[in-house]
Amino acid sequence: MDSNEAVLLSELSADKNSALVESDAVNSILQLVTRLTGMRFAGIAKFTEKHWIVCSVFDPTHLGIETGNILEIEITLCSELRRNPKALFISNISSDARYSERSVVKRYGLESYAGAPIFLPNGQLYGALCALDSRPILFEDPDLEGTLVLFADLIGCIFSFNITEKLRQLL
């Protein structure tokens, strides 16, 4: 990604971020994430220095997190991926003191979380692919972490391609 692409990416509004990620491929990935994890919500969020911006969701149970929502990054579980950019799985949030008191957990009644960082092909951290549920979920599949990371990598490639295409259209 060159400097023009980086500037374009940093200046995208929540609506433009949503338009960037709305594709059949991304929606299919989100549906697959819910099937593989057993969770009922999957989403993609962009990170800024201060915010977590919801770009795309698959939410058939209407958890309440919607495309375009913006939260302070530090209240989210995904903020952990900025500190330690590796997949994170939390089966029972209410029994984990590190996460149970976060306001986002209480607001949405979250009990389980699975997330992986999304990197663009140049290595830049874009955001997170995450799955959420109000039920505790046991993550027993030993391949689940690798699969979630592969999906996050694929999303990063899709975003990079879409950003490049948007730049070409603007020039």
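Six strands make up an open sheet, ordered β3-β2-β1-β6-β5-β4, with antiparallel pairing. Strands β3 (70-72) and β4 (88-90) lie at the edges with a single partner strand each, so one side of each has no neighbour in the sheet. From one strand to the next, the twist averages 25°, where axes are lines fitted to C-alpha atoms and angles run from 0 to 180 degrees between N-to-C directions.

This is a predicted model, in which local features need pLDDT of at least 70, side-chain atom pairs count only at pLDDT 80 or more, and totals for chains, interfaces and linings use all residues. Residues are numbered from 1 along each chain as its sequence is written, and side-chain values use heavy atoms, with hydrogens and water left out.

**Terms**
- Strands are DSSP runs (E, at least two residues), numbered from the N terminus.
- Two strands pair if DSSP finds at least two bridges between them.

**Strands β2 and β3**
- Strand β2 (residues 51-58) runs antiparallel to β3, and three bridges join them.
- I53 has I70 in β3 as its bridge partner.

**Strand β6 and its partners**
- Eight of the nine residues of β6 (residues 125-133) are buried, meaning under 20% relative accessible area with a 1.4 Å probe, protein chains only.
- Six bridges link β6 to strand β1 (residues 41-47) in the antiparallel sense, and L129 in β6 stands opposite I44.
- Strand β5 (residues 112-119) is joined to β6 by eight bridges, also antiparallel; here A128 in β6 stands opposite P117.

**Hairpin of β5 and β6**
- Five residues lie between the two strands of this hairpin, and G123 takes a positive phi near 95°.

Notes:
Helices (H or I, at least four residues) and strands (E, at least two) are DSSP runs, numbered from the N terminus. Buried means under 20% relative accessible area, exposed over 50%, partly exposed in between (1.4 Å probe, protein chains only).
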